[in-house]
Amino acid sequence: MPALQVSLPDGTVDPHDLTEDTVTVGRVSDNTVQIDDISVSSYHAQLTLRDGDYVLVDLGSTNGSRFNGQDVVAGEEHRLQDGDRVRFGKIEVLYTSETAAEQRPMPADEEPAAVAASASVPPPDFENASPFQTKKKKKDPVGTAVLAFAGLSILAFCAAVASVFAMKPPA
């Protein structure tokens, strides 16, 4: 019997056996498979039984659906096979079936297009590439005043010592 294994955000898996010819998936309670998550639309998708397995159709959901990592166009049919992964909004779902899955071709390798930058200007908010923040020096007027007073005191002391050494003994 085909089933959906719904992986919820809290880490639990909610299994749903698919027993009806038409199954609706969505957030509201009148769906056959209810997924109570804000990323799932009220009426998100529909599964229709054909030849022992279900066909997935997105019903124009707000956050969309993904079928084995590819975006699903609303209204477009995708035949589910054992082991297929579907994502409704942010919710991951595994489709299991007693019917053996057909062999699928490997996805084509896509070579990323490397484009040289036309200019090398850091973003306006860029300060440091280090993950560790640099400490900002804060101006402390009290500390500055204390240091200035200490410097003047040392100068006055040095002047007093110099004047003592400059004195001549009485004759």
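## A residue to start with

Is D71 buried or exposed? In this predicted model, D71 counts as exposed, because its relative accessibility of 57% lies over the 50% cut-off.

D71 also has a charged partner: it forms a salt bridge with R66, with 2.5 Å between the closest N and O atoms. R66 itself is partly exposed, at a relative accessible area of 32%.

## The other salt bridges

The count of salt bridges comes to three. One of them joins E77 and R50, whose closest N and O atoms are 2.8 Å apart. This pair links distant parts of the chain, since E77 sits in strand β9 and R50 in strand β5, 27 residues apart. E77 is partly exposed at 44%, and R50 is partly exposed at 36%.

R87 and E92 also meet through their side chains, at 3.2 Å from N to O. R87 is partly exposed, with 31% relative accessibility, and E92 is partly exposed too, at 29%.

## A hairpin

Now for the strands. β1 (residues 3-7) and β2 (residues 13-17) pair antiparallel over five bridges. Within this pairing, Q5 has P15 of β2 as its bridge partner. The two strands form a hairpin with five residues between them, and G11 in the turn has a positive phi of about 95°.

## A five-stranded sheet

Follow the order β4-β3-β5-β6-β9 and you trace an open sheet of five strands with mixed pairing. At its edges are β4 (33-34) and β9 (77-79), each pairing on one side only.

Inside that order, β3 (residues 22-26) and β5 (residues 45-50) run antiparallel and are joined by four bridges. Here V23 stands opposite L47 in β5.

Terms used
Residues are numbered from 1 along each chain as its sequence is written. This is a predicted model: local features need pLDDT of at least 70, side-chain atom pairs count only at pLDDT 80 or more; totals for chains, interfaces and linings use all residues. Side-chain values use heavy atoms; hydrogens and water are left out. Two strands pair if DSSP finds at least two bridges between them. A salt bridge is a side-chain nitrogen of Lys or Arg within 4 Å of a carboxyl oxygen of Asp or Glu. Buried means under 20% relative accessible area, exposed over 50%, partly exposed in between (1.4 Å probe, protein chains only).
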